[in-house]
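This briefing sets out selected packing and pairing features of a single structure. Please consult the sequence and the coordinates alongside the points below.

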Amino acid sequence: MIVGATALCVGGLALAGGLSRRAEPAPAAAPTVAAPAAPPAPVAPPLFAAPLPVVLDRVPDGLASLSAQSCNACHGAVHDRWAGSKHANAWNDPVFQEALAKVGSATACRSCHLPLANQHPQLAAGYKDGDISRPDLQKNPLWDATLMREGVTCAACHVREGQVIGVRPVSGAPHAVSVSAELQKSELCASCHQLTWPEAKSAFYDTFGEWSRSAYAAAGVQCQDCHMVPSPAGSIGGRFAAEPSHGFEAPLERGLSIFMELPAAELQRGEPFTVGVRLQNSGAGHMIPTGSPYKVLLTTLEIVGADGKVIDAAPPQRLGREVADAPPWDTLRDERLAPGAEVKLGHTFTIAQKVPAQAASLRVRVERSLVGSAAPPETVLSRSWPLPML
């Protein structure tokens, strides 16, 4: 599976919500919730039997603290990959902080970006008049400022009830390890990557749902198989030849294939030159893009000169979905790519004869953009083909 950023609340359609992982944050003008009738959420695995955030009131024997810094000494390679991940930066991410500023005291977004109760200065004791956008916030005595800056930290998945949780037994370690099969199942990821809210017709974040309906799920391919590919251990705690990567790498190029269709190998100036491009979801077990409906991909076809400057470009083509900003938050359009699906884009270029003949190239550039965000689009995939201009 390819998952872009973790759950985001973005822009003019910013979200607000509660602490349950089954209740997706609602838009800024949130309704008063009386009798929720949400779509069924994935069955909670034992690791997340209670709603987020998880309360950890004990440090496991053998650990100095719940901070990822305590894991760094023995699990250096794993720690370093995690430290550069979007999980580690889930709280500090500037785009998330921009969105969070727009939803004020809403708590639901915080529950995935800070999945431990220990990371919250305040917790919701309830909701005023049942409105999930108006939490009754109370001071949290478990709050740890250090943990707060660590986002989705090690303990979020690997500590429960005073025990360290792992995928296999380990002997001779400074701390005991309890084996949990849930760490290797997609249901674990559903805790944050499958969200809805009361009265919604469909899940707002449906990454787990998309996977569960795909051939990948039917074949037993889990999220972790693509997002936590084993890599050399390289640490004291690496007692095995390889360990699952905790960078959760998911480059778009591993899931999205680009096929070029050209009428000729050279472009003749002054004459129409029609370019066809097929974008195919050839490797993601969910939609491209997945997650927040405010996340879109923009694909642009460009003729680039020998000096690297763009000579001509087609209007960007959009891959994404749009939801209504009021109950039941219908999907107004959906142009994303399901697993195995493809879409064809095209444009006809006519380069003026006054442009010098040169060794140009045709470039397909894919940018990721967030609706309503001040952050500029980010180029996430680029492909170029030589295209001499005669």
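The residues of helix α2 that are buried pack against α1 (68-72) and β11 (242-244). The model is predicted, and local features are reported for it at a pLDDT of at least 70. The points below treat the helix, the strand pairings, the nonpolar cores, the aromatic residues and one loop serine.

**Helix α2**
- Helix α2 spans residues 76-83, and its buried residues are G76, A77, V78, H79 and W82.
- In an α-helix, residues three or four places apart point the same way, because each turn takes 3.6 residues.

**Strand pairing**
- Strand β12 (residues 256-261) runs antiparallel to strand β13 (residues 273-281), and six bridges join the two.
- Within this pairing, M260 has V277 of β13 as its bridge partner.
- Strand β13 also pairs with strand β19 (residues 342-349), again in the antiparallel sense, over eight bridges.
- V277 has L345 as its bridge partner in β19.

**Nonpolar cores**
- The largest nonpolar core comprises 28 residues, and V275, V277, L279 and I303 have the most contacts inside it.
- Two or more residues of this core come from each of β12, β13, β14 (295-304), β19, β20 (358-370) and β21 (378-389).
- Another core lies apart from this one and has 26 residues, including F48, L56, L147 and Y294.
- Leaving aside residues up to four places away in sequence, I303 is in contact with L267, K309, V310, I311, D312, F349, I351, S361, L362, L387 and M389.

**Aromatic residues**
- Four aromatic pairs are present in the structure.
- One of them joins F204 and Y205 in a tilted arrangement, with 5.4 Å from centre to centre and 45° between the planes.
- F204 and Y205 are both buried.
- Together with Y294, these residues, F204 and Y205, form one aromatic cluster.
- Y294 is also among the residues of the core of 26 residues.
- R321 lies over the face of F204, at 5.9 Å from the ring centre.

**Loop residue S180**
- S180 lies in the loop that links β7 (177-179) and α7 (186-193).
- S180 counts as buried because its relative accessible area is 6%, under the 20% cut-off.
- The side chains of S180 and E182 are joined by a polar contact of 2.8 Å.
- Not counting residues up to four places away in sequence, S180 touches L47, I165, G166 and V167.

Terms used:
Residues are numbered from 1 along each chain as its sequence is written. This is a predicted model: local features need pLDDT of at least 70, side-chain atom pairs count only at pLDDT 80 or more; totals for chains, interfaces and linings use all residues. Side-chain values use heavy atoms; hydrogens and water are left out. Rings of Phe, Tyr and Trp (its six-membered ring) pair if their centres lie within 6.5 Å; planes under 30 degrees apart count as stacked, over 60 as edge-to-face and the rest as tilted. Buried means under 20% relative accessible area, exposed over 50%, partly exposed in between (1.4 Å probe, protein chains only). A charge sits over a ring if NZ of Lys or CZ of Arg is within 6 Å of the ring centre and within 35 degrees of the ring normal. Helices (H or I, at least four residues) and strands (E, at least two) are DSSP runs, numbered from the N terminus. A polar contact is a pair of N or O atoms within 3.5 Å; within protein, one must be able to donate a hydrogen and the other to accept it, and residues adjacent in sequence count only if both atoms are side-chain atoms. Contact means heavy atoms within 4.5 Å. Two strands pair if DSSP finds at least two bridges between them. A nonpolar core is a set of buried Ala, Val, Leu, Ile, Met, Phe, Trp, Tyr and Cys residues joined through side-chain atoms within 4.5 Å.
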